[in-house]
Amino acid sequence: MDAIILQILNGLDKGSAYALIALGLTLIFGTLGVVNFAHGALFMIGAFCAVTLNKILNLSFETVDPSRTDFLGNPMVVKTPYVEGWFGPEVGASIIDWSVPLSILFCIPIMLAVGFIMERGLIKHFYRRPHADQILVTFGLAIVLQELIKHYFGANQIATPAPDVFRGSFDFGAMLGMDPNVIIYPYWRLVYFAFAALVIGGVFAFLQFTTFGMVVRAGMADRETVGLLGINIDKRFTIMFALAAVVAGMAGVMYAPINSPNYHMGMDFLVLSFVVVVVGGMGSLPGAVLAGFLLGILESFASMNEIKSLIPGIDQIIIYLAAIFILLARPRGLMGRKGVMED
Amino acid sequence: MLGLKKKDLTLLGVVAALVIFAPFILNPFPADSAMAQFNAGYPDLMQRFVIFGIFAIGFNILFGLTGYLSFGHAAFLGVGSYSAVWMFKLLSMNVIPAIILAVIISGLFAMLIGFISLRRSGIYFSILTLAFAQMSFNLAYSVLTPITNGETGLQLTLEDPRVLGETATSSGGIPVTNFFGLEMRATETLNLGGWSFQFNAGYYLCALIMMIAFYISIRIFRSPFGLMLRAVKSNQTRLNYTGLNTRPYTLAAFVISGMYAGLAGGLMASMDPLAGAERMQWTASGEVVLMTILGGAGTLIGPVLGAGFIKYFENIFSKINENVLHQWFHALPDGIETPLVWVAEHFVGSGWHLTLGLLFMLVVTFLPGGLVEGGQRIGRLVRRRGESKKATQSTPAE
């Protein structure tokens, strides 16, 4: 029992990331009808927003402290981050400590801008082109974004720590009244899951309960008629693209402490997220979320030692196997509707 | 002749001539001149030209004719490489059995993957092939390490049995790959004035195989089978409604193109007997897609052009570094030179992939037909200008 709970918990954080990226992919696909291979790159840019803000906050000025000496006997040069100079040492230190959550605010305008430029500058010209062309051009864009990041941040992973409060682990089993030290779970992963649930809930609420969302849903169902009613649906779809970019970016920011960002993390997640979208059913938002969590949990079960010793290497391929099985058994995916992408 | 129409025969002849005289054509600059770095006439690079040419020709049979965009073709290349190296390890250093095994194994592998993936079309197909390729890549890195030797890559060792050959040469080294005794690395150098031309046995073997592959691809393009594949591309639903089962045709195309990829992988291992999992990564699959698109998908000569173009510029661009750039621009005033070098250095050296990505976007956006279409457009423009000139001549202005 405890092993099962532990694996479900372990699957949640990866599943959350899959679900968030797949949600964005599906939003773009459902509204604009575009297959966006650059979505993983947006996730990566989000993670690097966290890295950048962390670096900016750690920008320091140097002062000479005559009361202390370094190992050569000279007066010691003390580096103080600017924020500590401006806000005082305590507030400054806690700002730096909280750099990852703060990066969410930092990444929203950036991702909005990136999404907007991408849609207006490139994707717009590909609405009427075949899906193969859309895949290829966004694939090219993904390479470009990835190489730019590599050029400026290097090829190595950059550790981006979570705030001190969330750095440890807690005993989840004891909270449920089980034996202590059986289910140990890091705080940040729980935060990530809660955050993902919040974002997913927010997106669904936005689409369900606002007039804007209603128009967008109507546009997803029948773009032409909504256009004929005198609504500028293209403008709203552009906003939805930017929104999807923000969702991917925020997923990336929060994922930075779990897995130190590197330039190819986007590609790694993209392939899996596409599998998630296809399993969930192309164009189905609840399907994407459901499949994201299911596959995340499935992956964590497959990486249990008991199962790995039974079928070696299963943890590497379980998601792909599941996808192949589902596509052959239910070609439209778990919750796919008839008539979407049936070429 | 050879069952080809005159136009195709000319094309085959032109390609054959280009390939045979490649050591001359690709070496236009004297060996010790400043431009020598733009020479491409050395064996290693020429081998890569023709091997990737074969890969792209094969990919074009699937993508160019049927329109099915496979994002996992590098998996077949990798499987081909692994099987060839195993043949070198177990049987002998002769390349022929290795290449044959590479083609057979990758063909079987393609049949398995194609049988499942081709149940779906469009983007589903792309993602299924991508999933299979990533799966093979992951497996090659982890569980299949006894077969693939994991991250190190599969290499020849002195302990290999080599039943028909020798385990080690008399001098105690690992024997080299050969074609019935002709060593693949054997190179003749011809010095002519300031030029030095290299003729490599391995290159000419690859070139010969590429010509055969190219000939087969022309025959496929012109056959009723090729016509059927084109029909699949233009409207598969209509074909189905006429009561025709298209899947055997698409599966055949998939297996053929998988065998081409395996052939390329086998040749790659024959020229340099090692195989690594990174050959199966999906960026490698993306590269062959780009070669085909850049040259012109669905045309005969396009993929070969695209492969040559990309491999040539990959080689040149990777060589250029900041110092070279400074040399080039040093005639300009400093205020212009520094920013120019700053911009340019993003695209050269290790930044070659950035150039590749940009090229990808530009070609797909502005020139979906690739270089071949670009050439045709220019040709049409020139012809029209010539005609309009004639027209103005015949009707005086006043």
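I started with strand S4 (residues 187-192) and strand S5 (residues 195-200) of chain B, which pair in the antiparallel sense over 6 bridges. This is a predicted model, so I keep that in mind for everything below. For one of the bridges I looked up the pair itself: B:Asn191 has B:Ser196 in S5(B) as its partner. The hairpin leaves 2 residues between the strands, and there B:Gly193 takes a positive phi near 60°. Is S4(B) well covered or hardly covered? Hardly: of its 6 residues, the count that are buried is 0.

B:Phe180 is not a glycine, yet its phi is positive, about 50°. I found B:Phe180 in the loop between strand S2 (178-179) and strand S3 (182-183) of chain B. Buried or exposed, I wondered about B:Phe180? B:Phe180 has 7 other C-beta atoms within 10 Å, so it is exposed; the cut-off for that class is 12 or fewer.

B:Asn149 also went on my list, with a positive phi near 60° in a residue other than glycine. B:Asn149 sits in the loop between helix H7 (145-148) and strand S1 (154-155) of chain B. I counted 18 C-beta neighbours inside 10 Å for B:Asn149, and therefore put it down as partly exposed.

Stepping back, I listed 17 helices and 6 strands in chain B. Its C-alpha atoms fill a box of roughly 85 × 65 × 45 Å along the principal axes. Does 23 Å for the radius of gyration of chain B agree or disagree with a compact globule? It agrees, because a compact globule of 398 residues would come out near 21 Å. Buried residues make up 43% of the 398 residues in chain B. I also checked contacts in chain B between residues at least 6 apart in sequence: 73% of them join residues at least 24 apart.

The contact takes 32 residues from chain A and 35 residues from chain B. On the side of chain A that touches chain B, the elements giving two or more residues are helix H6 (131-153), helix H12 (265-280) and helix H15 (314-329) of chain A. H6(A) supplies the largest share of that side, 14 residues. By class, I noted 23 nonpolar, 6 polar and 3 charged residues on this side of chain A.

Key
Residues numbered from 1 in each chain as written. Chains lettered and ligands numbered in written order. Predicted model: local features only at pLDDT ≥ 70, side-chain atom pairs only at ≥ 80, totals over all residues. Contact = placed C-beta atoms within 7 Å. Helix = DSSP H or I, 4+ residues; strand = E, 2+ residues; numbered from the N terminus. Nonpolar A, V, L, I, M, F, W, Y, C, P; charged D, E, K, R; others polar. Rg over C-alpha atoms; globule rule 2.2 N^0.38 Å. Buried ≥ 20, exposed ≤ 12 C-beta atoms within 10 Å, placed from the backbone. Pairing = 2+ DSSP bridges.
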